[in-house]
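Let's take a friendly walk through this structure, one region at a time. Keep the viewer open as you read.

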Amino acid sequence: MSIRMFLMAGAVALAAIPALGVSSVGAEEITLRIWSLDKPEQPAWNLAREFDDKEPNIKVEYRLIQFDDVVSEAMRAYSTGQAPDIIAIDNPEHALFASRGAFLDLTDRIAKSSVIRKENYFPGPLNSVTWKDKLYGVPKATNTIALYYNADMFRAKGLDPDKPPQTWDELLSAARKLNDPASNVYGLAFSAKASEEGTFQFLPWVQMAGGSYRHINSEGAVKALTVWKTLMDEKLASPDSLTRGQWDSTGTFNSGNAAMAISGPWELNRMSSEAKFDWRVTLLPVPQPGAERSSAMGDFNWAIFSSTKHPAEAFRALEYFASQDDKMFAKYGQLPARSDITLPATGDARKDAALKVFQEQLTFAQARGPHPQWSKISKAIQDAIQAALTGQMSPKDALDQAQKKIDAVLG
Amino acid sequence: MKPLRKFAQSLTDGRGFDILLVAVPLAFLLALSGLPLVYNVLMSFQEVDMFSLGSVVRPFVGFANYTALFEQPETWPIFANTAIFVSASIAGQFLIGFGLALFFWVNFPGASWLRGLFLVSWVMPGLVVGAIWNWMLSGDFGVINFLLRESGIISGNIFWRSDPAYALWAVILANIWLGTSFNMILLSVGLSAIPADLYEAAELDGANLWQRFYTITLPMMRSSIGAVVSLGLIFTLQQFDLFAAITSGGPNNASNVAQYWAWDLSFKQYDFARGATISVIMILFVMLASVVYVRSTRQEVRG
């Protein structure tokens with residue numbers, strides 16, 4: 001092919017592109033663009049397809065985004081006018097978008113909806129979609145953390161597996177009894193990683209002791225961090241807890257190298273198949289008997305971008321997604337963020353018992369924030385945890401420093 | 001019409017063609033490296049948040065990002081870590097790489113095969129290397145602790161990733177492994193370019209092994225060494241995967257370095273301006289280093 005021919009071919013190809021574009025506009029259907037991190041075996045991927053099939057006049061374009069890219073992709077898209085209609089966003093990031101008007105205010109639509117009812121949702125997830133008393137989204141799913149324990153090890157060390165630790169002191173003393181370095185068993189597995197996971201695991205302790213992210217250097221918070229430091233100093237938990245996420249930490253519990261583990265319901269399927277012992281779940285221990293309960297609240301929310309041209313259809317999609325919440329656990333193993341749905345029995349007694357505990361723990365779950373600059377607040381908390389646990393600062397000094405950073409953010 | 005034809009003619013034979021040859025790569029460089037660089041510098045003088053990401057015109061804040069950066073308590077330790085990481089990585093990669101290159105230069109049977117196999121480490125993606133080192137360096141079940149313990153070098157486990165005293169060195173160790181083979185290959189090429197008769201003559205004159213190395217090999221290798229070290233500087237300064245896979249910069253920033261921090265600030269805390277500020281400071285360092293490199297190889301005579 002001569003160069004001229006080649007250029008001609010190129011020009012023809014270029015001219016064909018707009019022609020193709022025009023031909024597809026003819027039909028009367030509208031297109032909804034949905035972004036989520038769900039893979040084919042997870043809810044959003046399937047719900048999007050089902051909605052596409054159900055609505056003849058709506059075409060759904062689903063885009064899978066990796067976890068690490070969700071926020072930066074969404075920011076870039078929104079600031080350049082390319083935002084999708086619907087996005088699934090991690091709950092601590094929700095306020096960042098809602099506070100800047102990037103998400104559509106759904107308060108009135110939800111008030112009129114017969115499918116999405118405010119009162120059906122757990123308070124934690126609902127709080128995460130709320131900004132200044134307005135609803136900017138719908139919780140997609142939820143999770144929380146509780147205490148897993150190895151009942152066989154409890155029996156072997158003379159502890160009663162029907163009376164798992166209820167308070168921090170009991171947790172420490174149980175961990176001391178269960179700790180067995182000679183046979184490579186740590187008392188407890190948890191994650192103090194310098195990432196959102198560390199904040200996720202630590203904040204419930206602060207909240208149970210009467211603190212919050214706004215008062216991170218409160219007496220209770222210092223006590224919480226001191227308990228964590230005791231766990232590390234006495235080697236009741238692996239020093240690698242500092243750099244290991246929850247999934248890897250709980251892996252050591254499943255393999256019998258930790259007697260207890262703090263983690264969430266996402267472990268249930270893996271634990272059912274991997275853990276060859278009598279494992280159980282109990283509520284997160286509290287500072288002293290009768291203290292207020294709390295736990296972490298994880299997972300994603302649905303939101304509609306305020307730039308959408310089809311708000312009514314987008315909301316109809318969210319209504320359809322919410323209408324399928326009752327099948328979410330059976331089909332995809334994720335927990336709906338709703339208190340009005342009873343989870344169907346799985347037939348696995350351990351799993352069913354664990355789910356009951358998680359359902360109860362969920363009623364105490366608290367959203368992180370909501371605050372538009374959550375990532376900075378979280379970073380200050382992570383730094384404090386790590387500084388204290390590595391012995392570079394005392395828990396009090398570390399949390400005082402975190403408080404200073406957080407005050408600067410809160411203004 | 002005439003000047004146009006003249007121009008067209010000069011394209012096929014003459015100076016126009018030379019200019020074209022220079023202009024195309026220059027335009028390419030400007031568009032793909034120059035613009036982002038300028039944009040990055042610009043961003044470090046602006047107030048940037050996620051919603052102004054799409055526009056170029058943003059509030060100008062002068063040096064506020066720079067002063068704020070140096071008021072953070074972690075800034076100097078992180079820059080110190082970066083310096084340690086770069087110098088220790090380059091030193092390790094170079095010394096082991098040079099040692100291996102000299103070893104294979106002896107040309108025993110199978111030397112070229114073995115040398116080729118060493119390149120495997122360079123072919124592996126950084127994240128894979130990081131994940132594997134992450135397991136090997138694990139405190140409780142890592143193979144490195146196992147070997148050290150069994151050979152009696154340590155009595156208790158070392159928590160490579162989680163002990164602030166070791167975390168940075170854990171990443172350096174992985175990085176030396178990753179970069180050694182590249183150093184070896186480049187240095188091998190340099191060694192094979194040294195004429196053998198130089199050594200023959202020196203041997204006849206009675207120079208011993210050390211004298212031959214010091215007076216022939218090293219001076220003849222000067223440009224290769226310069227290239228390897230400056231490339232090493234670039235590669236270690238952009239080493240990111242290993243940090244992400246092994247320590248995530250922790251614990252408590254003990255293994256955090258400028259390049260990882262810049263990413264963390266930009267894409268984890270969404271503080272794009274401060275991330276850009278760190279990048280600008282890194283660029284200054286690289287420029288400084290390249291000036292040293294250019295000066296050190298200037299008096300060289302090239303055929």
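A residue is called buried if 20 or more other C-beta atoms lie within 10 Å of its own, exposed if 12 or fewer do, and partly exposed in between, with C-beta atoms placed from the backbone. By that rule A:Lys235 counts as partly exposed, because it has 13 C-beta neighbours inside 10 Å. Before going further, please note that this is a predicted model, in which local features need pLDDT of at least 70, side-chain atom pairs count only at pLDDT 80 or more, and totals for chains, interfaces and linings use all residues. Residues are numbered from 1 along each chain as its sequence is written, while chains are lettered from A and ligands numbered from 1 in the order in which they are written.

Stay with A:Lys235 for a moment. Its phi is positive, about 55°, although the residue is not a glycine. You will find A:Lys235 in the loop between α10 (219–233) and α11 (246–254) of chain A; helices here are DSSP runs of H or I with at least four residues, strands are runs of E with at least two, and both are numbered from the N terminus. B:Asn253 sits in the loop between α13 (241–246) and α14 (258–268) of chain B. B:Asn253 is classed as buried because 26 other C-beta atoms lie within 10 Å.

Now turn to the strands of chain A. Strand β1 (residues 30–36) is mostly covered, with five of its seven residues buried. β1(A) runs parallel to strand β2 (residues 58–64) of chain A, and seven bridges join the two; strands pair if DSSP finds at least two bridges between them. Across this pairing, A:Trp35 stands opposite A:Arg63 in β2(A). To get from β1(A) to β2(A), the chain passes through helix α2 (residues 43–54) of chain A, making a right-handed β-α-β crossover. Right-handed means that, with the strands pointing away from the viewer, the path from the first strand over the helix to the second runs clockwise. β1(A) also pairs in the parallel sense with strand β3 (residues 86–90) of chain A, over two bridges. There, A:Ile34 has A:Ile86 as its bridge partner.

A:Arg49 is partly exposed, because 13 other C-beta atoms lie within 10 Å.

Further along chain A comes a cis peptide bond, from A:Gly369 to A:Pro370, with omega near -5°. A:Pro370 lies in the loop between β13 (365–366) and α16 of chain A.

How many residues does each chain bring to the contact? Chain A gives 22 residues and chain B gives 23, where contact means that C-beta atoms, placed from the backbone, lie within 7 Å. On the side of chain A that touches chain B, the elements giving two or more residues are α3 (70–79) and α16 (374–389) of chain A. The most comes from α16(A), with six residues.

Finally, look at helix α2 (residues 15–43) of chain B. Its 29 residues reach 39 Å from first C-alpha to last, close to the 42 Å expected at 1.5 Å a residue, a span taken as 1.5 Å times one less than the number of residues. α2(B) bends by about 40° at B:Leu30, the bend being the angle between axes fitted to the seven residues ending there and the seven starting there. This helix is hardly covered, with one buried residue among its 29.

Methods: Two residues are in contact if their C-beta atoms, placed from the backbone, lie within 7 Å.
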